[in-house]
Amino acid sequence: MAGGAREVLTLQLGHFAGFVGAHWWNQQDAALCRPSDAKEPPGELCPDVLYRTGWTLHGQETYTPRLILMDLKGSLSSLKQEGGLYRDKQLDAAIAWQGKLTTHKEELCPKNPYLHDLLSAEGVLTSDGIWRVKSVPNGKGPPPFTTTTTPKSVIPTEGSIRVWSDFLRVHLHPRSICMIQKYNHDGEAGRLEAFGQGESILKEPKYLEELEDRLHFFVEECDYLQGFQILCDLHDGFSGVGAKATELLQDEYSGRGIITWGLLPGPYHLGEPQKNIYRLLNTAFGLVQLSAHSSLVCPLSLRGSLGLRPEPPVNFPHLQYDAALPFHCGAILATALDTVTVPYRLRSSPVSMVHLADMLNFSGKKVVAAEATIPFPLGPSRSLPDTLMQLGEATPWTPLSACGDPPGTRCFAQSVVLRGLDRACHTSQLTPGTPLPSPLHACTTGEEVLAQYLQQQRPSVRSSSHLLLTPCKVVPPYPHLFSSSLSQHGLVLDGPPTGAAVESIPTLGALCSSSALNRALGDVAKDLAKLDLRRWASFMDAGVEQDDLEETLQELCSLAQCYQGGNSLVD
C-alpha cells in the first residue's frame, strides 16, 4: 500500500512509449538510491505515487512501478514477460512430471552489447536477463548508484539498442506486462500500423479481459487513486489502443484524472509515403479520440511539426543527440516527463491530476503543449535572478509538442516546474547596498523569483509554479548527450571542461495551453482534408469508415479553433 499517497496508475502503450517509459523508470529508480543508513529527511517527491510495495513468496519486500505495459511480440528481447522478481525456483524444481517428457529447445534472444558495458553498483544482469538487485535492509530502492565513465568506444553501441527492454534496469511486477501476440514488433508483415487495428484489439475479449484484470489488481490495492497517466504511441496502431483504453477508464473510473502523453518518435523520411500518411491519420484519430476521453492530452515529440511537412528536430544548446535514435529521443522526453509531472507527485501540498487538468483545459482546451529547458543553464557562481535576467526576453523553452513557437504565440494557462537548484542560488547574493540589476534581484525567495519572472514573460496568464531542490538523475543507462561545458551536476562551466560524467541536471519544464496548438492542429486538419482516401483503402479496411474520417476532421478543426488568438488561425 502507498501509505496515504495519492496513487497514480501508469499505462504504457506502444514501442516508443516503451523507450520513454524505460528511461523514466530508470531515472526514478536512480533517484531512489540512497545509503541504507541515510538519515536524510523524506524527499520532495513521493515515490509511492507511482511505485507500489509488494512481497515475494519468501516474504522479501519489493518496490515496483504501478504499471500496465502493452507491446507487441518481439519487443521483450531477453526480458521475461512474467519477470523474475516473484519466481520461486525451489518450487519450480520440486514440481516434476512423472510421465514422458519431450524437450523443445529455443534460442534465447542475445543480450544487447551495450548492457555489458554498463557498470552498476546495484547488481548485475544475469544470464536469464534479470537485473539482480542487492537487498537493502532499511529504505526503499537499491544501494547508491556508482557512476563510471563509459569509454568512448562504447558510445556507438547506443545505436544498436533495438527495444526498450535492452536497457530497462528496474523490476516489473508479473502482472505489468501484457503482450499482443497477433502483431509483430519487427519485420514488414503483421505490423500494428493503423488506428482501426488498435481499436479492434481491445474489442477482443481476450485482450480486454487481460487489461481489466490488471486494472482491477492495481486499482484495488490503492488507498486513494487520484488517476491514470497514459504513455501512448500516436504514430501507429497504438493510438487506437490508447483511444479504447481511455474510453474504458473514463467509463469505469469516472471522476479520476486521466492525463495522456501522446508520443511520436524522431524524424520521418519523405521516401516512405504510406508510413507518413498512416502516421498522419493515426495522429489525427488519436488526438481527437484521446482528448474526448482524457482530462488532458499532451503530444510529446522532438519533431518540428505534427503534419506532413518535414521540419527539423528541435535543438537544445547543451545536448548533442541523434533524432533518429529512439534511445536518445526517449531519454530527453523522459526527462521532460520527470519534470512536468512533479505537481501531482509532490510529498507536500501536491496538486491532484484532476486539479492540474482543470487549470489547463478550460473552454474545451483538452490538448496542451510541453516545453522544457534541458538542462537549465545555471552557472556555478550565478544566482537564479542572474540567470533569468541574462535570458532577457528570449523564450527559455524548447517546444516538445511538435507545434513550434511561432511569433505572437499566446499562452492561456501554464504549469511550470524548475528543479535541481541549490537553495543558496535561489535569490540574489549581491552585497547589501549594491544597485539591483533587475526586480528579480529584490525577491526574497526562489518561489517569488520564479513567479515574478513568469509574470514578466507571460502577463495575465493563469499560472502555477513549483521550485524544487531535487535534480533529474541522468546516470547510465541514460545516453551520453551532454556537452563538455557541463559539470557533474549539470551546471554550465565558466572554465575548461572537467571531464567528469554528468550525473544530474537542473531542468525547467512547463505544460502550456497555447495558441501555437491552433496552427499545429490546423495543419494536421488541412493535410487530412487533402488526402485522396481511395489511395489508402488499406487504412480504411482496418476498421475505419469514411464517416469516421469526416467526423474526425470536423472534431480536429473544432479543437484547433479553441486555441484561436495570437497567431494565424485555422481557415
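The model is predicted, so local features need pLDDT of at least 70 and side-chain atom pairs count only at pLDDT 80 or more, while totals for chains, interfaces and linings use all residues. Residues are numbered from 1 along each chain as its sequence is written, and side-chain values use heavy atoms, with hydrogens and water left out.

**The chain as a whole**

- The chain holds 14 helices and 17 strands; these are DSSP runs numbered from the N terminus, where a helix (H or I) has at least four residues and a strand (E) at least two.
- Of its 571 residues, 56% count as buried (buried is under 20% relative accessible area, exposed over 50%, and partly exposed in between, with a 1.4 Å probe and protein chains only).
- Taking contacts between residues at least 6 apart in sequence, 82% join residues at least 24 apart; contact means heavy atoms within 4.5 Å.

**Two helix pairs to look at**

- Two packed helices are described by the angle between their axes and the distance between the axes.
- The axes are lines fitted to C-alpha atoms, for helices over the stretch in contact, and the angles run from 0 to 180 degrees between N-to-C directions.
- Helix H1 (residues 15–32) and helix H8 (residues 326–340) have axes that come within 8 Å and cross at roughly 55°.
- H1 and H8 are therefore oblique to each other (under 35 degrees is roughly parallel, over 145 roughly antiparallel, 65 to 115 roughly perpendicular, and the rest oblique).
- The H1 and H8 crossing is right-handed; that word applies if the near helix is turned clockwise from the far one by less than a right angle, and left-handed if anticlockwise.
- Residues making this contact include Phe16, Phe19 and Trp24 of H1, and Phe327, Leu333 and Leu337 of H8.
- By class, the contact of H1 with H8 has 11 nonpolar, 5 polar and 1 charged residues (Ala, Val, Leu, Ile, Met, Phe, Trp, Tyr, Cys and Pro are nonpolar, Asp, Glu, Lys and Arg charged, and the others, Gly among them, polar).
- Helix H7 (residues 273–293) packs with helix H12 (residues 516–529) at an angle of about 125°, their axes 10 Å apart.
- H7 and H12 are therefore oblique to each other too, and their crossing is left-handed.
- Here Leu280, Leu281, Ala284 and Leu287 in H7 meet Leu521, Val524, Asp527 and Leu528 in H12, a contact with 7 nonpolar, no polar and 1 charged residues.

**A buried leucine**

- Leu378 sits in the loop between strand E11 (369–373) and helix H10 (384–391), and it is buried, with a relative accessible area of 3%.
- Beyond its neighbours within four places in sequence, Leu378 is in contact with residues including Leu421, Cys425 and Val492.
- Leu378 and Leu486 are 108 residues apart along the chain, with 9.8 Å between their C-alpha atoms.

**Backbone details**

- The peptide bond from Ile374 to Pro375 is cis, with omega near -10°, and Pro375 lies in the loop between E11 and H10.
- Another cis bond runs from Pro476 to Pro477, with omega near 10°.
- Ser349 is not a glycine, yet has a positive phi of about 50°; at 61% relative accessibility, Ser349 counts as exposed.
- Ser460 has a positive phi near 60° and is exposed, with a relative accessible area of 75%.
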